[in-house]
Amino acid sequence: MKSHEVLTLIEEITRNDGTKYIEISNMVQNGRAELAAERGLIKQVRILQLNIPHSPHVQKYERYINENYVMPTEDMDHFEEWQKTPEMKEEISIILKENHIA
């Protein structure tokens, strides 16, 4: 069953190897990332911006995530990094610019 998540925030996730990436997410997924950090599945998660506008670019990325990923449950045993197509990487870049983060 695919998710129906509304993406509302921008977060920075630090992998265990110390590299970082930006994700467009929501409070539920952020909570899962916090839990993953507590379990040592990732190093850290940090919210960069809350309540981002639901722009056409956010909506497009949201559709992609909802069609391809399922929100993890609390009993997760790994942290799944959402893989992005080149088109979705560009959408994230635009979302960051819209929110004055890039």
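Predicted model: local features only at pLDDT ≥ 70, side-chain atom pairs only at ≥ 80, totals over all residues.
Residues are numbered from 1 along each chain as its sequence is written, and side-chain values use heavy atoms, with hydrogens and water left out.

**Entry 1: salt bridges**

I took a salt bridge to be a side-chain nitrogen of Lys or Arg within 4 Å of a carboxyl oxygen of Asp or Glu. By this rule I recorded six salt bridges.

I looked up K60 and found it partly exposed, because its relative accessibility is 30%. Its side chain meets that of E87 in a salt bridge, at 2.6 Å from N to O. This pair joins helix 2, which holds K60, to helix 3, which holds E87, across 27 residues. Helices are DSSP runs of H or I with at least four residues, strands are runs of E with at least two, and both are numbered from the N terminus. E87 has a relative accessible area of 44% and is therefore partly exposed.

K60 also forms a salt bridge with E91, at 3.7 Å from N to O. E91 lies in helix 3, 31 residues from K60 in helix 2. I listed E91 as buried because its relative accessibility is 8%.

Next I examined E23 and K84, whose closest N and O atoms are 2.9 Å apart in a salt bridge. E23 belongs to strand 2 (residues 20–25) and K84 to the loop between helix 2 and helix 3, 61 residues apart. Both E23 and K84 are buried.

I also recorded a network of salt bridges linking E12, K20 and R46.

**Entry 2: nonpolar cores**

A nonpolar core is a set of buried Ala, Val, Leu, Ile, Met, Phe, Trp, Tyr and Cys residues joined through side-chain atoms within 4.5 Å. Which residues touch the most other members of the largest core? Among its 14 residues, they are I24, Y61, I65 and I95. Helix 2 (56–68) and helix 3 (86–98) are the elements that give two or more residues to this core.

Leaving out residues up to four places away in sequence, I65 touches L7 and W82, contact meaning heavy atoms within 4.5 Å. A second, separate core has nine residues, including Y21, L35, A36 and F79.

How values were computed
Buried < 20%, exposed > 50% of the residue type's maximum accessible area, 1.4 Å probe, protein only.
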